Amino acid sequence: FSEFGGPLHHRPAEDLAFAVARFIQKGGSFVNYYMYHGGTNFGRTAGGPFITTSYDYDAPIDEYGLIRQPKYGHLKELHRAIKMCERALVSADPIVTSLGDLQQAYMYTSESGDCAAFLSNYDTKSAARVLFNNMHYNLPPWSISILPDCRNAVFNTAKVGVQTSQMQMLPTNSETFLWESYDEDPSSLDYSSAITADGLLEQINVTRDASDYLWYITSVDIGSSESFLHGGELPTLIVQSTGHAVHVFINGQLSGSAFGTRQNRRFTYTGKVNLRAGTNKIALLSVAVGLPNVGGHYETWNTGILGPVALHGLDQGKWDLSRQKWTYQVGLKGEAMDLVSPNGFSSVEWMAASLVAQKPEPLRWHKAYFNAPEGDEPLALDMESMGKGQIWINGQSIGRYWTAYAHGDCNGCNYAGTFRPPKCQLGCGQPTQRWYHVPRSWLKPTQNLLVLFEELGGDPTRISLVKRSVSSICADVTEYHPNIKNWQIESYGKAQQFRRPKVHLRCSPGQSISFIKFASFGTPLGTCGSYQQGPCHAPASYAIVEKKCVGKQRCVVTIANSNFGQDPCPNVLKRLSVEAVCAPISSTTAQPNWGG
């Protein structure tokens with residue numbers, strides 16, 4: 001799961017394909033991908049607690065409904081290869097033979113002569129050359145080759161032949177937001193719907209999940225002779241909470257905040273408090289960040305402030321406030337007044353942003369109107385400049401937001417070896433979630449109402465509406481890449497003329513390849529976004545790829561010496577690496593045809 005303050009998790013396509021192929025080779029017949037299509041926890045549906053609003057999950061189809069390459073294409077080829085083995089797979093149990101210390105063959109045969117084999121290499125460090133049916137096969141580390149006729153390898157889980165698409169969030173040309181704001185004043189709470197009780201109550205029992213927010217309010221009387229009023233050290237307030245966040249207000253002023261995490265929902269707020277002689281109002285805004293939905297006996301987990309709550313450093317020593325009278329107010333004033341509703345005629349005086357003091361204020365509502373951007377790319381709000389809160393569009397909540405920075409171990413990613421959540425973490429030092437999905441189906445052509453509630457502060461003038469699209473595409477394929485087209489039913493089990501593999505490049509609909517950033521047939525180095533020429537390079541590489549691809553939505557380049565003038569380095573395994581930039585089609589460059 002992605003949690004606020006944690007890194008994003010990436011499961012490499014090579015390992016995912018390996019896990020599925022390994023299950024099928026052992027006789028598995030049904031695979032459930034969790035998730036195959038990512039999504040969004042709109043409203044307050046994110047659980048956990050602390051699970052992000054985005055439920056993208058690094059899935060083959062992402063949160064925005066766009067294809068994530070290479071994962072989607074690699075799995076598609078895997079499924080196709082498994083489907084080719086179907087008749088043999090459903091006819092018998094496999095015969096397992098050892099091909100080496102960490103290598104095995106699983107062979108399926110049917111009475112009607114069908115034969116399919118899976119050749120696996122469990123070595124996480126080294127490739128293996130194995131002999132099966134009197135033929136040699138090269139298996140990369142931690143990989144499985146699929147042979148639908150027990151002879152021709154049409155797929156290997158670690159050899160990715162499909163393109164990689166790099167996504168970007170681009171500014172929409174929509175106007176800047178004109179903000180108005182309204183302050184949720186903690187010193188003027190409406191007590192008409194409040195309840196009073198001796199001691200501290202569990203939050204969800206009081207709110208019944210009608211709101212994420214519950215005020216815990218009490219007062220303390222400070223005598224005028226207290227030392228801290230005469231130059232002594234300020235007293236300290238300690239608040240123990242069972243979750244999930246708390247904002248501490250003393251006499252209507254924010255004194256500090258504290259947060260738990262998914263691993264440690266319980267936390268303690270400790271802070272100096274500026275009390276005055278006489279009666280002081282202590283108002284603790286306890287915030288839930290999702291209902292518990294996974295874990296042992298999670299129905300018994302508590303939320304809210306169950307204490308102790310105590311003042312330390314007064315002349316009398318420690319003053320425990322836990323058992324005194326507390327007043328409870330469910331939700332925010334702005335929620336009760338339905339500030340988020342587009343047809344609410346509330347009597348609220350919204351202030352134009354130009355009139356509001358520009359320093360960030362806690363507990364502030366912001367609203368603006370905007371028109372739907374042109375085009376059909378998925379949309380999102382960039383919330384990097386804000387703190388923590390919730391967003392509504394035309395009265396519907398697109399979810400909680402929280403610009404919590406990710407802590408984790410983002411030190412590279414090797415696909416080989418059993419996948420565990422600590423592997424392949426991304427995004428350390430960045431906000432766990434910066435962009436929040438705005439479904440186009442929720443928008444009207446004009447006058448869409450955007451409302452947000454900000455708990456901490458933040459600068460709404462830097463919020464922007466962005467669109468998600470493919471920025472660049474890469475492919476990196478060797479000249480002997482296993483190829484499903486190399487094997488037809490008619491040539492079942494016979495060697496046949498080798499068909500050269502091809503690089504397929506494809507931009508999103510409405511885009512075309514505007515220029516080729518990198519192209520090299522030979523021994524190029526690096527990965528998508530950072531390719532560089534290696535010791536062997538065919539000089540014609542750029543010209544060939546440009547001729548076949550520029551100006552087209554999709555193109556195909558065959559990996560063959562004859563295509564690149566001559567063999568740039570005989571007797572060396574060559575590859576073709578390409579990085580191309582996708583850009584929106586201008587009406588002059590649109591070309592539906594594509595090269596071969």
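Predicted model: local features only at pLDDT ≥ 70, side-chain atom pairs only at ≥ 80, totals over all residues.
Visitor: How many disulfides does a search of the whole structure find?
Guide: A disulfide here is a pair of cysteine sulfur atoms within 2.5 Å. One of the pairs is Cys 410 with Cys 428, whose sulfur atoms lie 2.0 Å apart. Searching the whole structure in this way gives a total of seven.

Visitor: How many residues apart are Cys 410 and Cys 428?
Guide: Helices (H or I, at least four residues) and strands (E, at least two) are DSSP runs, numbered from the N terminus. In these terms, Cys 410 sits in the loop between strand S27 (396–402) and strand S28 (425–426), and Cys 428 in the loop between S28 and strand S29 (435–438).

Visitor: Are Cys 474 and Cys 528 buried or exposed?
Guide: These two cysteines form a disulfide with their sulfur atoms 2.1 Å apart, and the pair links strand S31 (residues 464–478) with the loop between strand S33 (511–522) and helix H6 (541–549). Relative accessible area, taken with a 1.4 Å probe and protein chains only, decides the matter: under 20% is buried, over 50% is exposed, and anything in between is partly exposed. By that rule, both Cys 474 and Cys 528 are buried.

Visitor: Why is the disulfide of Cys 549 and Cys 555 called right-handed, and at what torsion?
Guide: The sulfur atoms of Cys 549 and Cys 555 are 2.1 Å apart, and Cys 549 is buried with a relative accessible area of 0%. The link is right-handed because of the torsion about its S-S bond, which is about 85°.

Visitor: Which cysteine sulfur is nearest to that of Cys 85?
Guide: Cys 85 is in no disulfide, and the nearest cysteine sulfur is 8.4 Å away. That sulfur belongs to Cys 150.

Visitor: How many residues apart in sequence are Arg 44 and Asp 212?
Guide: The side chains of Arg 44 and Asp 212 meet in a salt bridge at 2.9 Å, N to O, where a salt bridge is a side-chain nitrogen of Lys or Arg within 4 Å of a carboxyl oxygen of Asp or Glu. Arg 44 lies in the loop between strand S2 (39–40) and strand S3 (54–55), and Asp 212 in the loop between helix H4 (203–207) and strand S14 (213–222), so the pair ties together parts whose separation in sequence is 168 residues.

Visitor: Which residues are linked with Arg 44 in a network of salt bridges?
Guide: Arg 44 is partly exposed, with a relative accessible area of 25%, whereas Asp 212 counts as buried at 3%. The network that holds Arg 44 also includes Asp 209, Asp 212 and Arg 400.

Visitor: What is the relative accessibility of Lys 574?
Guide: The side chains of Lys 574 and Glu 479 meet in a salt bridge at 3.5 Å, N to O, and the two residues are 95 residues apart. Glu 479 is buried, with a relative accessible area of 6%. Lys 574 also counts as buried, its relative accessibility being 2%.

Notes
Residues numbered from 1 in each chain as written. Heavy atoms only, no water.
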